[in-house]
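Please read it alongside the sequence and the model.

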Amino acid sequence: MKNSIVYIVLLLVNFGFSQKKFDQNEVVKFQKTINAEYADAKTSPLMEEDLKTFKALEFYPINEKFFVNAKLVKAKNEKVFEMKTTGTRTPKYIKYGTLYFTLNGVALQLNVYRSIDLSKQKEYKDHLFLPFSDLTSGKESYIGGRYIDLKIPKGDSIVVDFNQAYNPYCAYNHKYSCPLVPLENDLNVEIRAGVKTFH
């Protein structure tokens, strides 16, 4: 019975909605944008000594395999909670839903969240926060996991491009307080895509 449920979910994920295509130019644009932000003293999270020698972040090779069309199942009756961070700050979030997708034939799921404070700002009213960790965390990628920014979709499908996964600011500078990846978003696979660890 369990296998048949998983199979149905996989069918829904793969055929239940229109598939969006991978665009390598979008990833290149993401990499250029984040490198420009980190190289600029006005917007960089880097410590002063690192900024002096900074040239570019290290990324995994761009790989279409890590671009997935996920099924979004919206959460119901969720309560606002305080997300733990690396510091004393406890920002308020609410679970928006769960993403179901496959990577290398493995069925996976991740919860996606919405910041209460950010959602009140016009430019972030559709913003969704996807924190995750995986088997590369603490090895090739940052030990505390990585983030992906998403937008609330019109339907029940959403594109997740792990090639655009980035590190929290506290990976570069201890003065920042960053949300910790919830345990339920720890993937038992390697996500060899996106930004690698720094240093």
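R192 and E140 form a salt bridge, with their closest N and O atoms 2.9 Å apart. A salt bridge here is a side-chain nitrogen of Lys or Arg within 4 Å of a carboxyl oxygen of Asp or Glu. The pair links distant parts of the chain, 52 residues apart. R192 sits in the segment after strand 7, and E140 in the loop between strand 5 (127–132) and strand 6. Helices (H or I, at least four residues) and strands (E, at least two) are DSSP runs, numbered from the N terminus. R192 is partly exposed at 36% relative accessibility. E140 is also partly exposed, at 31%. Buried means under 20% relative accessible area, exposed means over 50%, and partly exposed lies in between (1.4 Å probe, protein chains only).

The model is predicted: local features need pLDDT of at least 70, side-chain atom pairs count only at pLDDT 80 or more, and totals for chains, interfaces and linings use all residues. Residues are numbered from 1 along each chain as its sequence is written, and side-chain values use heavy atoms, with hydrogens and water left out.

How many salt bridges does the rule give? The count is six. Side chains of opposite charge can pair when their charged atoms come close.

| Pair | N to O distance |
|---|---|
| R192 and E140 | 2.9 Å |
| K71 and D156 | 2.6 Å |
| K125 and D126 | 3.5 Å |

Take K71 and D156, joined by a salt bridge. This pair links distant parts of the chain, 85 residues apart. K71 lies in strand 1 (residues 67–74). D156 lies in the loop between strand 6 (146–151) and strand 7 (157–161). D156 counts as partly exposed, at 31%.

K125 and D126 also meet in a salt bridge. K125 is partly exposed, with a relative accessible area of 41%. D126 is partly exposed at 35%.

Now the cysteines. The structure holds zero disulfides (a disulfide being a pair of cysteine sulfur atoms within 2.5 Å). C170 counts as buried, at 14% relative accessibility. C178 counts as buried too, at 4%.

Last, N35. It is found in helix 2 (residues 24–39). N35 counts as buried, because its relative accessibility is 16%. Which residues does N35 touch, leaving out those up to four places away in sequence? They are F54, A56, L57 and F59. Contact means heavy atoms within 4.5 Å.
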